[in-house]
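Here are some friendly notes to read beside the model. Take the points in order and find each residue on screen as you go.

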Amino acid sequence: MGAKEKPEIIDESGDKYKYGFVTEIEADTAPKGLNADIIRLISTKKGEPEWLLEWRLKAFEFWQTMTEPTWAKLVYDKIDYQDLYYYSAPKQKAAPKSLDEVDKELLETYEKLGIPLKEQEALAGVVAVDAVFDSVSVATTYRAKLAEQGIIFCSISEAVKEHPDLVKKYLGSVVPYTDNFFACLNSAVFTDGSFVFIPKGVRCPMELSTYFRINAKNTGQFERTLIIAEDDSYVSYLEGCTAPQRDENQLHAAIVEIVVLKNAEVKYSTVQNWYPGDKDGKGGVYNFVTKRAACRGDNSKISWTQVETGSAVTWKYPSCVLQGNNSVGEFYSVAITNNKQQADTGTKMIHIGQNTSSKIISKGISAGFSNQTYRGLVKVSPNARGARNYSQCDSLLIGENCGSHTVPYIENRNKTAVIEHEATTSKISDEQLFYCQQRGIGEEEAVSLIVNGFCKEVMQHLPMEFAIEAAKLINISLEGSVG
Amino acid sequence: MKIPLLEIEDLYARVGDKEIIKGFNLTINEGEVHAVMGPNGAGKSTLSYVLTGKPGYEIISGSVKFKGKDLLAMSPEERAREGVFLIMQYPVEIPGVPTSTFLKHSVNAVRKHHHLPELDTMEFIKLLREEGKKLGIDNEMLKRPVNVGFSGGEKKRMETFQMSILKPDFAILDEADSGLDIDALKVVADGVNALRNEKRSMLVITHYQRLLNYIVPDFVHVFADGHIVKSGDKNLALELEEKGYAEFVREK
């Protein structure tokens, strides 16, 4: 972004921001705060078509009439939305020159995860990603291969330019900007994210996005992902980086929209490990995410698998709207909170078509002074004959000072529906730990053994290589939670 | 030539503010089986927890040497890896963790401590099968989570099984007969007896003489008020059975 764009921006945003943009050093940074001009700036910077700008502005207008939800069991400082950067949040700190300058604790974590040195450097921001990982060319190679089958996998910004019809047709069709406060904010200001299109009859030959581990790094704050699976197609999508990045951005408000058409299946796996804050609850990411899949076609299927270990505050309910007859929704979740973390997470299963079925397996682990809530909705509409749901919510407590809550909502409007709900709460006791130790198993290994046993049902739904890293991550998240 | 395995000298220990072990002395040589008998509340279980390092049991003074090393300076897991095994009175349940997985972690933790390579899955399964046969522990039972839903007898059988897998140098049996009918007791006793040899030592803690009919000790000690008040051979146990503890408690 150079001098060429400058005059244009000044024109667009008016005099008010003139000084902000003529500053030579930070030419690419919008000032703090949110208003229509900032949104115009984002849209212009990204070279977006008029309809998208209008959509953003409508969202912003609507957002101003909304209030932040307070029903979740979360306590956090009030967010000042005018005190945030919405475009290219500047990182004033100079990048470290070598790994010697990087936080030791962070490096130890990478070590434990078994991340190669080159990749560690990239994650810690020592060198530009391309230089080490050559991700651009890797991405291009893959992309060309996928394109042969008609699969589109690119950033949403590119998709807006190159596949405007698809984006226009589906963007906001699953999560409209009016949906909720955070989704609305995202619609107004989203910066980037991924776009996936699997054409009719194609089975995506690879798990999409392992290499995005690094690529996705700085698109964090307001990500927007759109996945479309046409009739008879299949895709498995992996989100997230498995190495904890010390991203200090306070607020993350992402959206994931998935459209699943006739006989198609989408598997969406997430490992979320944003910075959880320190032991005393200072810092850490506020994670307010709206994820929803619409199973529009008959016999379609969506499966969410998530392992949530990061963020100071998590507000997240990946949902399944089961519109097609015989459509299937699944939600497998492991959420871990330690120290002062808080998570209010669960799912929504909306049964609309006939003979739809859903399954919820949620495992919550609380340690330290953390607090966790499972909040889930199972809704069966009047025409959803033969709907079937099975929910199982298990909580595991470690120590004396954490909390765990289960809030299942069931709204059934059809008497043929069969809905089952099971919930358990258990605790890792000193007796259990001593028993393990008495058999030679160290305390931390004992905790990890017990926790992994507890999560097994969910972990087996993760793709293999992801599952191994996720298991390691769970152990790291719980370090120091005993003794 | 007798080689001492465990040497307890003038041991004092407490739980919270309460002093429970008071001037306890005992030396157990290699290959010996000692029984410690005493009335309820004498601190018998405390003794087993002090020796295995359970948190909450505080040493006031005294020393315990195991193979000449300072046992009290070791963490609970180090003691286990060095070869101290406790058959617990009430083995705890660990939901979600299959018994075989648990045992694999246990065996390999001990092997690692002794600089032995970890057992691979095939070797491990073979070991489980061999030892399982003797105690009637089948594959189905090993798939179940540790002690979850086990009957009292199954739990004690499983404890004995774990002991036969780990082959510790020193085993403490804490009220190993509690909650067992006579058939279950025999199975456990047979398992324990099968492990007796000239190197391995045992400390059998019990309230009743009954168990000692099956696991015959070399020495019997009467434990009251935090220490040993009388020692003898197996006949002392029979004497206790007849006369009760009252007399020995009064003797001090």
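1. Start with helix α11 of chain A, residues 181–189, where eight of the nine residues are buried. Helices (H or I, at least four residues) and strands (E, at least two) are DSSP runs, numbered from the N terminus. The buried ones include A:F182, A:L185 and A:V189. What do the buried residues of α11(A) pack against? Their partners in chain A are the helices α3 (36–45) and α4 (50–63), together with β3 (224–229), β6 (255–260) and β8 (286–295). Contact here means that the C-beta atoms of two residues, placed from the backbone, lie within 7 Å.

2. Before going on, a word on the source: this is a predicted model, in which local features need pLDDT of at least 70 and side-chain atom pairs count only at pLDDT 80 or more, while totals for chains, interfaces and linings use all residues. Residues are numbered from 1 along each chain as its sequence is written, and chains are lettered from A and ligands numbered from 1 in the order in which they are written.

3. Now for confidence: pLDDT, the predictor's confidence in each residue, runs from 0 to 100. Chain A averages 81, and 77% of the residues score at least 70. Over residues 1–27 of chain A, pLDDT stays under 50. Over residues 126–138 of chain A, the pLDDT is also below 50.

4. Next, look at the largest nonpolar core, which has 182 residues. Such a core is a set of buried Ala, Val, Leu, Ile, Met, Phe, Trp, Tyr and Cys residues joined through C-beta atoms within 7 Å. A:V266 is one of the residues that touch the most other members. Not counting residues up to four places away in sequence, A:V266 touches several residues, among them A:I227, A:Y237 and A:I302.

5. Finally, how do α13(A) and α14(A) cross? Their axes, lines fitted to C-alpha atoms over the stretch in contact, come within 9 Å and cross at roughly 115°, on a scale from 0 to 180 degrees between N-to-C directions. A:Q432, A:L433, A:C436 and A:Q437 of α13(A) meet A:E443, A:A446, A:L449 and A:I450 of α14(A).

6. As for chain B, the contact takes 18 residues from chain A and 20 residues from chain B. On the side of chain A, α13(A) gives the largest share, seven residues.

How values were computed
A residue is buried if 20 or more other C-beta atoms lie within 10 Å of its own, exposed if 12 or fewer, and partly exposed in between; C-beta atoms are placed from the backbone.
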